[in-house]
Each structure stands twice: as C-alpha cells, then as structure tokens.
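Subject: Structure for your files

Hello,

Here is the structure I said I would pass on. My notes on it follow below.

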Amino acid sequence: MMYWDGGWAWMAFMPLLWIALIGLAVWAVIRLTHGPSGGASGRSHGWEDREHRETPEEILDRRYASGEIDTDTYTEAHERLTAHRPRPR
C-alpha cells in the first residue's frame, strides 16, 4: 500500500507537464520557421531598422531607380530637397 502514496500529486502534475511540453514544442516550431525577427516576410524588424532610417534623398533615389517616378519629377523633387535641407551648425 505504501507504493501508491503521493499518486494523486503525480496525477495533478502530469497534465501540467504535458501542457508545458506541448507549448514549448509549438514555440520552438514557430521560432524556427519564422526566424528570430518573428515575421515570415523576410524583412527584419530588429535593431537594424532602428539604427538606419532612409533619408528623403535615399527614398527619392530608390523610387526613381524602381521606376515609380520619371526624370522630371525626380529632378524637381531633388532640387526642392536640396533647397530646403537644414544647414549644419
């Protein structure tokens, strides 16, 4: 009879253990498939984005290079940006 002492404690503990193990497995699968950034899109949302933000000139250059804007629009916008650029102190 002494063999079964404390059996009720194991019966209460085992479902909690299984829930924890299944939760850990789900977390591991999500972490491995989505990578450390947490997104599956491939775009990083980590410290790299906070460290470098595109300047208006870089945005304009990128849009011109991708064909979103034509040469006249690029030239006009570039002239406006350089005319209104803050001067260094």
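A residue counts as buried here when its relative accessible area is under 20%. By that cut-off, 6% of the 89 residues of the protein are buried. Please keep in mind that this is a predicted model. The accessible surface of the protein comes to about 8500 Å², and carbon and sulfur atoms account for 63% of that surface.

On secondary structure, the protein has 4 helices and 0 strands, which gives the pattern α-α-α-α along the sequence.

The rest of my notes concern α3 and α4. Their axes lie 10 Å apart, and the packing angle is about 175 degrees. Angles over 145 degrees count as roughly antiparallel, and α3 and α4 are therefore roughly antiparallel to each other.

Which residues make the contact? From α3 come Pro 56, Glu 57, Leu 60, Asp 61 and Tyr 64, and they meet Thr 71, Tyr 74, Ala 77, His 78 and Leu 81 of α4. By class, the residues of this contact are 6 nonpolar, 2 polar and 2 charged.

Two of the residues named above also turn up in the aromatic search. The count there comes to 1 aromatic pair. It is formed by Tyr 64 and Tyr 74, with the ring centres 4.5 Å apart and 25 degrees between the planes, and it is stacked. The pair links distant parts of the chain: Tyr 64 sits in helix α3 (residues 56-66) and Tyr 74 in helix α4 (residues 71-83), 10 residues apart.

Are the two tyrosines buried or exposed? Tyr 74 has 19% relative accessibility and so counts as buried. Tyr 64, with a relative accessible area of 33%, is partly exposed.

Regards

Definitions and conventions: Residues numbered from 1 in each chain as written. Predicted model: local features only at pLDDT ≥ 70, side-chain atom pairs only at ≥ 80, totals over all residues. Heavy atoms only, no water. Phe/Tyr/Trp six-rings, centres within 6.5 Å; stacked < 30°, edge-to-face > 60°. Helix = DSSP H or I, 4+ residues; strand = E, 2+ residues; numbered from the N terminus. Buried < 20%, exposed > 50% of the residue type's maximum accessible area, 1.4 Å probe, protein only. Axes fitted to C-alpha atoms, helices over the stretch in contact; angles between N-to-C directions. Parallel < 35°, antiparallel > 145°, perpendicular 65-115°, else oblique. Contact = heavy atoms within 4.5 Å. Nonpolar A, V, L, I, M, F, W, Y, C, P; charged D, E, K, R; others polar. Areas by Shrake-Rupley, 256 points an atom, 1.4 Å probe, with all protein chains shown as cover.
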